2 protein chains.
Amino acid sequence: MTQQDSQTFQDRARSAIRAAGMRWTKQRETLLDVIEHAREHLDADGLYRLARERDPRLSLATVYRTLGVLKRQGLVDELHLSEEHHHYEASSDDQHFHFVCTSCGAVTEFSASTVDRLRKELQREHGVVVQSVDLDLAGLCAKCAAA
Amino acid sequence: MTQQDSQTFQDRARSAIRAAGMRWTKQRETLLDVIEHAREHLDADGLYRLARERDPRLSLATVYRTLGVLKRQGLVDELHLSEEHHHYEASSDDQHFHFVCTSCGAVTEFSASTVDRLRKELQREHGVVVQSVDLDLAGLCAKCAAA
DNA sequence: TCCTTGTTGCAACGCAATCGCAACTTGTAG
DNA sequence: CTACAAGTTGCGATTGCGTTGCAACAAGGA
């Protein structure tokens, strides 16, 4: 399952990158793999450190440049979980948004039917064309709220 | 009307600041006034430049320090209209969110009944306590979409 | 294998925001 | 009205995320 998704994600990325006349490099492969298998939403530095475990010469500049490419290709989404810096995740088909617990820091994902409703509402009632929605929540997660 | 609101806003700010054991200074008064009467959402530098027209010695550090205080007191809201830096507005009672046109840069405000619904939904169905909602939209405004 | 051209690593840089500290104000107590 | 303790300011230096110029390098088509 993971193996299968992995194949698919790497393929998707490779195709998109090659289709844009860019090259499929060792570094990009490494970074893609780290992003995909990360079990939390990494920031650039976390990604950098994990990638360096496999390729110690890989530079932080390359991390940022690669993230830029992947963002533009729609392969990763940039999250605003903290004020200080960005986090990233492999983009998926189902829209969702993030909830950060102010007490324990846990990140919960919620599906975004509400956001879709909002988008259509604005489009219909105000004539605007919504291109991107950025919804970030913070508060107490269920566990911390109960304690 | 503007005069009356002005009085109220300044009063509110002064009280809040004094209540926290802080001092009501010339600089804070200037900045509050600029924020209140700004007709667009200023960034720190814009605020700095406008404030300097009245008090040329006022420093950028003071702008940031004051914004920090006002944020903590809930007197101004920090907006994420651009990736590069923050914008600020005097906080108001009615919740609303911002829509930035990617073509002309115009900022439109929409009221946020949807957001309130979402908040309650999450609270009820997932047991989380929502403390802050940050909803930012981008796309084509009605004018640009029609063109 | 060669060659063109995109990519990388490195170090320097850009820029929003923050901080340390001495000089200065505020506001209250006397 | 005055003195004084404590909060605030301006300034310059600094932090930290992210970007960029450039020479060396590597991908991949011919």
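## Helix H2 of chain A

H2(A) has twelve residues and reaches 17 Å from its first C-alpha to its last. That is close to the 16 Å expected at 1.5 Å a residue, where the expected span is 1.5 Å times one less than the number of residues. Helices (H or I, at least four residues) and strands (E, at least two) are DSSP runs, numbered from the N terminus. The buried residues of H2(A) are A:Arg28, A:Thr30, A:Leu31, A:Leu32, A:Val34 and A:Ile35. A residue is buried if 20 or more other C-beta atoms lie within 10 Å of its own, exposed if 12 or fewer, and partly exposed in between, with C-beta atoms placed from the backbone.

## Model and numbering

This is a predicted model: local features need pLDDT of at least 70, side-chain atom pairs count only at pLDDT 80 or more, and totals for chains, interfaces and linings use all residues. Residues are numbered from 1 along each chain as its sequence is written, while chains are lettered from A and ligands numbered from 1 in the order in which they are written.

## Fold of chain A

Chain A holds six helices and six strands. Along the sequence they follow the pattern α-α-β-α-α-β-β-β-β-α-β-α. The C-alpha trace of chain A spans about 45 × 45 × 35 Å along its principal axes. Of its 147 residues, 21% count as buried. Among contacts in chain A between residues at least 6 apart in sequence, 45% join residues at least 24 apart. Two residues are in contact if their C-beta atoms, placed from the backbone, lie within 7 Å.

## Strand pairing within chain A

Three strands of chain A form an open sheet in the order S1-S3-S2, with antiparallel pairing. Strand S1 (42-43) and strand S2 (76-79) stand at the edges, each with a single partner strand, so one side of each is left without a neighbour in the sheet. Strands count as paired if DSSP finds at least two bridges between them. S2(A) and strand S3 (residues 87-90) of chain A run antiparallel and are joined by four bridges. Within that pair, A:Leu79 has A:His87 as its bridge partner.

Strand S4 (residues 96-101) of chain A is joined to S6(A) by four bridges, and these two run parallel. Here A:Cys101 stands opposite A:Gly139.

## The interface between chains A and B

In the pairing of the two protein chains, 25 residues of chain A are in contact with 25 residues of chain B. On chain A, helix H5 (113-126), strand S6 (129-140) and helix H6 (142-146) each supply at least two residues of the side that touches chain B. The largest share, twelve residues, comes from S6(A). By class, this side has 15 nonpolar, eight polar and two charged residues. Ala, Val, Leu, Ile, Met, Phe, Trp, Tyr, Cys and Pro count as nonpolar, Asp, Glu, Lys and Arg as charged, and the others, Gly among them, as polar.

Eleven bridges join S6(A) to strand S6 (residues 129-140) of chain B, and the two run antiparallel. A:Val130 has B:Gly139 as its bridge partner. For A:Leu140, the partner in S6(B) is B:Val129.

## Symmetry

A rotation of 180° with 0.0 Å of shift along its axis superposes chain A on chain B, with an RMSD of 0.1 Å. That is the relation of a two-fold axis. Copies are superposed by least squares on the C-alpha atoms of residues with pLDDT of at least 70 in both. Of the residues of chain A, A:Leu135 comes closest to the rotation axis, at 2.2 Å (C-alpha). The same surface serves both copies: 100% of the contact residues of chain A recur in chain B.

## The DNA strands

Around DNA strand C there are 24 residues, of which A:Met22, A:Gln27, A:Thr62, B:Ala61 and B:His85 come nearest. Near means that the C-beta atom of a residue, placed from the backbone, lies within 6 Å of the molecule or strand. H4(B) gives the most, with four residues. The surface near DNA strand C has eight nonpolar, nine polar and seven charged residues.

DNA strand D has 25 residues around it, and A:Trp24, A:Ala61, B:Met22, B:Gln27 and B:Thr62 come nearest. H4 of chain A, with helix H2 (26-37) and H4 of chain B, each supply at least two residues of the surface near DNA strand D. H4(A) gives the most, with five residues. This surface divides into eight nonpolar, nine polar and eight charged residues.
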